[in-house]
Every structure is written in C-alpha cells, then in structure tokens.
Amino acid sequence: MNLENFSPSVRRTLAISEKETFHILRDLRALAVSFVLPIVLLVLFGYGVSFDLDKAPLAIVDLDNTPASHNLVRNLTANQEFLVEDWLKDPNDVVTSFRRSRTLGALVIPRHFSANIEKGKSTDIQLLVDGSSGTVAGSLLGSLAAFVQSESENIAYKKTLQKSRPLLKTEVTLQYNPALQSAIFFVPGLVAFVLAIVAVLLTSLTVAKEWERGNMEQLFATPVTRLEVVLGKLLPYLAIGCLQALLVLAVGMGVFDVPMVGNPLLLAFATLLFMIGMLGHGLFLSVVTRNQMLATLGAAFTTILPTILLSGFLYPISNMPRILQVLSLIFPARYFMTILRAILLKGSTFQDLWPHFIGLAAFSIIVIAGARARFVRRIA
Amino acid sequence: MSENPMQNENAIHVSNLERKFGDFFAVRDVNFEVRRGEFFGYLGANGAGKSTTIRMLCGLLAPTNGTALVAGIDVAKNPNAVKRRIGYMSQKFSLYPDLPVEENLRFFAGAYGLSGKTLLHKIDSILDETGLTNHRKTITSELAGGWQQRVALGNSLLHNPEILFLDEPTAGVDPASRREFIDIVKHRVQQGATAFLTTHYLDEAEFCERVGLMASGRLVTLGSPQELKSRHVPGDFWILQTNRAQQIKKQLLNMRPSVFSAHPYGKGLRVRTVSGLFDHNSLTHFLHSFDANAICAKGSASLDDVFHTVVKEDDNTAGEK
C-alpha cells in the first residue's frame, strides 16, 4: 500500500475521531461526570468501604462481675477494635440487641469465671455474632476468637509462672500492604473498573447510536471503511480512558499512598491491551444489538458485573465456587486486576505475569474478530 | 480495472436486479437505464421496493441476482469505487443533530477524504449553494425540517458526485421548502450531475425527465411524465362544476366504455373520457339537461392518475395469479 492510498484512509479515520470529539465536547457535563465518578468511587472505597473492624459495637453479659471479668472486658476494648455498646444482665437480651441492630456481637462471661481461673479449671466463654452480614460476622468472629485465645494463653502463662517462652511462636510479616489498607487493595481494582465502564459503555452507546439514527448507513455510503469507522470512533475514548486511568492512579498514589513498585511501561502496555479488549467488546455489543438500550444492558451484565464480582476486585477468586472460578477466566478484568496489583504493589515483571497478558490478548482478538464478522454480515 | 466511464453513456444501468429477504422479493427483475445528466424519478408506495433498489445502487446492500452498473462500475463487485463517485441522502436523517451545521459538513467532507484548504473552501461553497451560510453555526437540531434536509443534501454534495441518490429527501417537508430543495438539485443537474430521486410526492415527479414506477417489487412502468400519462390514462379530462354531481356521475358512467371514470372533485366531478368524445359545447349541452348551472372546463392528466391506474392494474394481475 503506497502513501497515496494510505493517507486518505488516515484522513478519514481522523475525520471520524474529530467528529466524535465534537460530540464529546458538546456534552461537557457527561464528560465531567465521567471524570468525577471514578474519583468519588475511589474516595468511597478508599475511606468508606473497609473490611477492617473499627469500633465494632459489642454487648457484654458479665454474669461473674469480678475484677477478673472486668479485666477481660478492659483488655477487649483496649485497642479500639471493639466498643461496648450494651451492658446486659440476661444472656437472652442479646437477641433483642441484635434485632435492634445495636450490636454486632456479644460476649457472655459465665458465673464462677474468676473462681474457675483461680482453681485452674477450664471455663467456657460464650461468643455470639450477628451472622446476617456475612463479611462482618466473619472478621468479628476471627478477631474475637483470636482475642479469647490470646487471653487464655496469657492467663495460663501467668498461672504457671513459667519463665520459659512458648515453644512455637508465629512471626507474621504482611508483604506488599503491611498496614492492610483498603485503598491500596482497591485502587488497582478501581482502575480496571473505571476503564471497563468507560470503554464498553461509551463505545457501545455511541456506536449503537449511529445505527439507531441511521448515520451508519450514511457513513457506509461514503468511501469510509468499517475499520476506519471503528478506529475513528474508538480513538477519542481510548484517550479519555487513559486519562481517567492516570487520574485514578494519581489520586491513589497521592492520597492513599498506593505504591508503584513495578515498571510503569509494563503497566501502560497492560492497560492498552485491556482497553482494546474492552473497546472491542463494546463494539461487538453495539453491532449485535444496534440499539442503545440493549447495548447498555448488555454492557452492564457482561462488563460491569463481572468486573466487580468475578475479577477479584471485591471477593477473592480462590474463595469462589469452582464454576464461578472457571467463569471468571472468560472475563479480561480478572487478568487485568491481577496484573495491576502485581505491578503496582509487588513489582512483578512480564516473566511473572505472561499468562495473564495472554488472557488479555486472547479476549481482545476474539471480540474484535467477532465484532468485525458481525459488522460485515449485517451490511451485505 | 476495465471501468471506462466513456464506454457507457448511461449513468445507471440495471439488469434483472433482484433482492430477496427470505422468501420475500423486495425487488424482482428490475431493468432500466438512467442517462448521464438526467433527472430521474422513482415512484412507488411505501414498501414497493424503492429504498431497497437505491440501497443496492449505492453499494449498501448486495443484490441476490442481476447486476447494477453505476457510473459504469459494477456495484456488487466494486462498491468502494462507486461510493467515491456518488452522493447518497438517505430517507432517515443522516445528520448529527447535536452538532452545528458546519461541523456536520466538516465531518462528511473528511469522510470523503477532503482536508486542509480544499475542505474549508468546499464547506463555504456548499453553505452558499444550499443557502445555509447564515446558519453555519446553528445546532442542526434547532433548524426547521426543510433546512435540516438541506444540510443533509449539502453533506452528499461535498465531493461533487457524478450521480446523486436521494431517497425520499423531502418526506414531511412543507411544499415551499420542497420546491427550494428540488431547485438546488436541479441546479446540480444543469451542471451535469445525474439525479436519481425516490419520492411519493407526485408533483415532484412531474419535474423529472423520466419516471419509473414500482409496485410490489417490480418496475411496472417507465417513461417521461407525458408518456406515462398518454400510456396509462389516455383520453380527455374534464372538470365539472355542478350541484347535481351524483346524478350526472351516474349518467356519465352509463356511457362506459366511452367514459373511463368520473370521480368527485370538490363539489363537482373530474371525468376522463375517450379522446374526442366531447368538446366544450357538446359537454355543456349534455350537462345542462341535468343542471342548468353546470359549468365544465378542460382538465389534464396527472401522475396521480397514472399511479392509481397502474397500481390498480398491478393489484388485479397479482390477484389473478
């Protein structure tokens, strides 16, 4: 192909991009929303959504009421993890407290608690947890159980007055996110989420709009080719998506101290690959539906939901039922999420991550080939 | 490529063109030619196959049979070569309503590969040609319907197409705007372009040099408006003013087959008779035997008459099959 053949094609592609940019600039409000939304989400997830327990409200039923039992409660609330919201006299009142959503858990200290400890006898302490909120119940149970375990070890240690140290001791080191900050965990996921929404939703909407209005037919009566339509339409959204990704990363790094341990270029490459897949996906939806309403629904079900639920953004893939784990392999968000976290937090290299890159590339190739095939068929 | 436009004097040459959707023939065995520089009209009811034909001619739809040569090029084989030489204005709004007039033109100019100074000059000249210069910054959706159609026409004229395909361009536009629109097209035709216009406004078809009429996927008749009238509705037309229309109609229809038809027309009647059956005096005399105040005047055939007659014939033959 010589330059004379080539340059009109580039000119036509750029004409489409320019027109698309005009559309975007005509609707500045939508553009502003598309930039503000990710930041709002980031702040919400960064500050608001947290799986760490902080001042979890508890009920205490102290049937013993001795210095030893008071000491136990004091230790429990010492590090602000728990807060005593209700002091109850009767264990049966715990249910009422749960029903009124005043407390999330309860600790029942039995009669003769202090006496049993003195005698060196084993004592049962009852833990009750409001299980209606699964995640919270899980962490609460874990923390309370750990607390009781360590208290029991302390008491035993004091009783036997052993000078020797325990035989087994765990030395825990949390790699990559030592303080277990939610934001550090969320920012990479949010980058993927934002890119997925922008790419799929906007492209499927704008391309479907061209079908709906009959513009697509008009375009095909000009020398513009399908590839030029596709590229021309996608370029401005690729630019917007990249800007948004940068914005989310910048806020994540500036406000929430998200590190950038790995290679930014590798990250950019992964982002580009992911974006191409998402744009192709949006295009596929719009070619198949030719209708903005259906395209939006399709985008919501096939992108936004899997990105939130099946990518490891909120829930670890390893905890999912086997069938969902297999299903998650279809969606590129999963690979991208893994790559982002690995590069940002762990400094992983391409050698570490290549299978995930292949996953991204495979998805892009399949959707774009599918979109192109449908595109050609629908016209002829 | 063996496309030499000089070899073929016809702008459009269609033979045995067919398009099937499943078992349904949208277009069936259509044959016609359009000469270079001709203003050609394509008539037909909704669903008769006009748009399907035009879409095949523009390379937007592949024919299931037959060939269409546009500007000497086989559209099915080389649609892109055709697209560069034609302008197409579709039935649907082919504009971006959220963009100003100027940006719409700018985009389509780019889509035809124009750029730089050429593009800017071209936009200015199109704005001038379509009378839109004062509206160049107006958001397209804020223009009245007739003006929006001019923008769409402008879009299809940007690359100086040899052949203009206009698919019901004036649907829903007021008569004055329609006339102005057609004048812009006529001006292009005077400069050498060929125009292929589908319409269901029969007054528009009167401007066309030749008219083809489609019914249920077939091209049922073709010719100049005058030819079509003498072919399908021969005879004399009379306009009668009378208060006793019912009675006179009955008397006239008794004279069939010398009288072809008598239809209500205002308060009176419009009558078609065998050529020379009446002259002004004899008809007046005839009328006065029923209504002393009746007046008659010579009328003329319209494409409406052709359309109704042809479509009725087509329905009858279809019913016989």
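Here is a short tour of this model, stop by stop.

**Before you start**

You're looking at a predicted model, where local features need pLDDT of at least 70, side-chain atom pairs count only at pLDDT 80 or more, and totals for chains, interfaces and linings use all residues. Residues are numbered from 1 along each chain as its sequence is written, while chains are lettered from A and ligands numbered from 1 in the order in which they are written.

**Stop 1: colour chain A by confidence**

pLDDT is the predictor's confidence in each residue, from 0 to 100. Chain A averages 82, and 90% of its residues score at least 70. Now select residues 1-5 of chain A: pLDDT stays under 50 there. Next, compare two helices (helices are DSSP runs of H or I with at least four residues, strands are runs of E with at least two, and both are numbered from the N terminus). Confidence in chain A is lowest in helix H6 (residues 134-160), with a mean of 77, and highest in helix H13 (residues 332-346), at 90.

**Stop 2: the sheet in chain A**

Select the strands E2, E1, E3 and E4 of chain A, which form an open sheet in that order, with mixed pairing. Two strands pair if DSSP finds at least two bridges between them. The edges are E2 (82-88) and E4 (126-129), each pairing on one side only. From one strand to the next, the twist averages 25 degrees.

Zoom in on E3 (residues 105-109) of chain A: 4 bridges join it to E4(A), and the two run antiparallel. Click Gly105(A) and you'll find Val129(A) of E4(A) opposite.

(Axes are lines fitted to C-alpha atoms, for helices over the stretch in contact, and angles run from 0 to 180 degrees between N-to-C directions.)

**Stop 3: where the chains touch**

Show both chains: 22 residues of chain B are in contact with 22 residues of chain A. Contact means that C-beta atoms, placed from the backbone, lie within 7 Å. On chain B's side, helix H2 (79-83) and helix H3 (101-111) each supply at least two residues. H3(B) gives the largest share, 5 residues.

**Stop 4: Arg12(A)**

Find Arg12(A) in helix H1 (residues 3-26) of chain A. Is Arg12(A) buried or exposed? Arg12(A) is buried, because 25 other C-beta atoms lie within 10 Å. (Buried takes 20 or more, exposed 12 or fewer, partly exposed in between, with C-beta atoms placed from the backbone.) Beyond its neighbours within four places in sequence, its contacts include Val224(A), Glu228(A) and Gly110(B).

How values were computed: Two residues are in contact if their C-beta atoms, placed from the backbone, lie within 7 Å.
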